[in-house]
Every structure is written in C-alpha cells, then in structure tokens.
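Have a look at the model first, and then we can walk through it together.

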Amino acid sequence: MASLTNNQAKFDLEQQPSTITTLEVETKDFDYSKRSQWLRAAVLGANDGLVSTAALMMGVGAVKQDIKAMILTGFAGLVAGACSMAIGEFVSVYSQLDIEVAQMKREKERGREVGDGEEKESLPNPLQAAAASALAFSIGAMVPLLAAFFISDYKVRLGLVVAAVSFALVVFGWFGAVLGKAPIFRSILRVLIGGWVAMSITFGLTKLIGTSGL
C-alpha cells in the first residue's frame, strides 16, 4: 500500500513539469494580433482626445490669456470630437457588418455549412464600437481640461497643460505597448513626440496669425 502511494506521488511530480511547460507554451503562443482592433480603437481614441483638445486649448492660449475662453474651447473640442469619433466609428463598423452579413448569405446560398451561432457572435457591433470610441476620446480630452481648470495664472496654466498631456502621452504609449507586446520605449517616444509636434504647430501658427492682425 505504501509502495503504491509512493509511486502515485512520483507520477504526480513527473506530470507537473509537463503541465507547467504546456501552460507556458500556451501563454507564449497567445496571438496578440487578436487585440489589435479594439486596442487600436481605444488607444487612437484616447490619444486623439488628448492631443486634439490640448492643441485647441494651446492654440487659444496663444492669443488669449482668459481661462474661460481656454476651458470653453477645450470643452467644445471634447464634445465635438467625441461625437465625431462615435459617428465615424458607427458608420465604419456598420459598413463592415453589412459586408460580413452579405458574405454569410452568399455562403449559405452556395450550400456551405455556416455555424450561425459562432458567426453571429463574431460579428462587429456598431453601437458598442461607437460608444467605446466616444468614451476613449472623452477620457483623453479630460486630461488637459482638468489640468487647466483651476489655474488662473496664464503661464502656469500653459505649463501645467503641457506637463499633464506629456505624462498622459507616456502612459498611453506604455499601455498600448504592454497590451500589444510591442517595444515600450519606441511606442512611448512615438506617441510623445507626435503630441508635442501637434501642440507646437497649433500654438505657433495661432500665435503667428493672432499677432499679424489677420
């Protein structure tokens, strides 16, 4: 009886490494490209909200030091951008849905077997995509708005907006790289430089036009 117990214990110990190895292989073999669609939409939406709203606020801040004008501009950018992103995503995903449904019908007409339940579950959801896109944009747009909301001093306000947006760009770049298993440093640098360029161009051109009296 003791011999059987010892043999069973040895068998269990021998099996554990193979189980762990299998789990490690499954983890390593995970296809991160499956995340690409929703990851792209989420990161793109948040980054768009962050950069476009901050650029609008910096542009207005280049010619007007009034905090009210800056905040109203940012809020208008948030609402308009979120609506635009939602409508654009809805139209785009609905077009994709129509194409996939039409393809399913053609497959059925040709007599090919189609798993209706599985196919329906894999179909894109336009409303869900629109809501997610608008939410991501709004989250990004809130960063410069909150950074400038309570700061009355003009220079401090601009500096705080740039600092807050830069930090958020680093976080978004890191988050996207981690979820997609992409190079972190390059992802952060790409997002950060892109945001700086957008804000600088908007601030510079608006300042130029405002001072030229056009």
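A crossing of two helices is called right-handed if the near helix is turned clockwise from the far one by less than a right angle, and left-handed if the turn is anticlockwise. With that in hand, helix 6 passes helix 7 in a right-handed crossing. Please keep in mind that this is a predicted model.

**The chain as a whole**

The protein chain contains seven helices and zero strands, so its elements read α-α-α-α-α-α-α from the N terminus on. Of its 214 residues, 31% count as buried. Among contacts with a separation of 6 or more, 75% join residues 24 or more positions apart.

How far does the predictor trust the chain? The mean pLDDT is 79, and 75% of the residues reach 70 or more. Two elements mark the ends of the range:

| Element | Residues | Mean pLDDT |
|---|---|---|
| Helix 1 (lowest) | 2-28 | 47 |
| Helix 5 (highest) | 126-148 | 90 |

Over residues 15-35, pLDDT stays under 50, and the model has five contacts beyond four places in sequence for this stretch.

**Helix 6 against helix 7**

Two packed helices are described by the angle between their axes and the distance between the axes. Helix 6 spans residues 154-180 and helix 7 spans residues 184-212; they pack at an angle of about 150°, with axes 8 Å apart. Angles over 145 degrees count as roughly antiparallel, and helix 6 and helix 7 are therefore roughly antiparallel to each other.

Which residues meet here? From helix 6 they include Tyr154, Leu158, Val165, Leu169, Gly173 and Trp174, while helix 7 contributes, among others, Ile184, Ile188, Val191, Gly195, Trp196, Met199 and Phe203. By class, this contact of helix 6 with helix 7 has 15 nonpolar, four polar and no charged residues.

**A closer look at valine 165**

Valine 165 sits in helix 6 and is one of the residues that meet helix 7. Is valine 165 buried or exposed? Its relative accessibility is 0%, and because buried means under 20%, valine 165 counts as buried.

What does valine 165 touch, leaving aside its neighbours within four places in sequence? The contacts of valine 165 are Leu50, Ala54, Val143, Pro144 and Met199. Finally, valine 165 and glycine 140 are 25 residues apart along the chain, and their C-alpha atoms are separated by 9.0 Å.

Key. Residues are numbered from 1 along each chain as its sequence is written. This is a predicted model: local features need pLDDT of at least 70, side-chain atom pairs count only at pLDDT 80 or more; totals for chains, interfaces and linings use all residues. Side-chain values use heavy atoms; hydrogens and water are left out. Axes are lines fitted to C-alpha atoms, for helices over the stretch in contact, and angles run from 0 to 180 degrees between N-to-C directions. Helices (H or I, at least four residues) and strands (E, at least two) are DSSP runs, numbered from the N terminus. Angles under 35 degrees count as roughly parallel, over 145 as roughly antiparallel, 65 to 115 as roughly perpendicular and the rest as oblique. Contact means heavy atoms within 4.5 Å. Ala, Val, Leu, Ile, Met, Phe, Trp, Tyr, Cys and Pro count as nonpolar, Asp, Glu, Lys and Arg as charged, and the others, Gly among them, as polar. Buried means under 20% relative accessible area, exposed over 50%, partly exposed in between (1.4 Å probe, protein chains only). pLDDT is the predictor's confidence in each residue, from 0 to 100.
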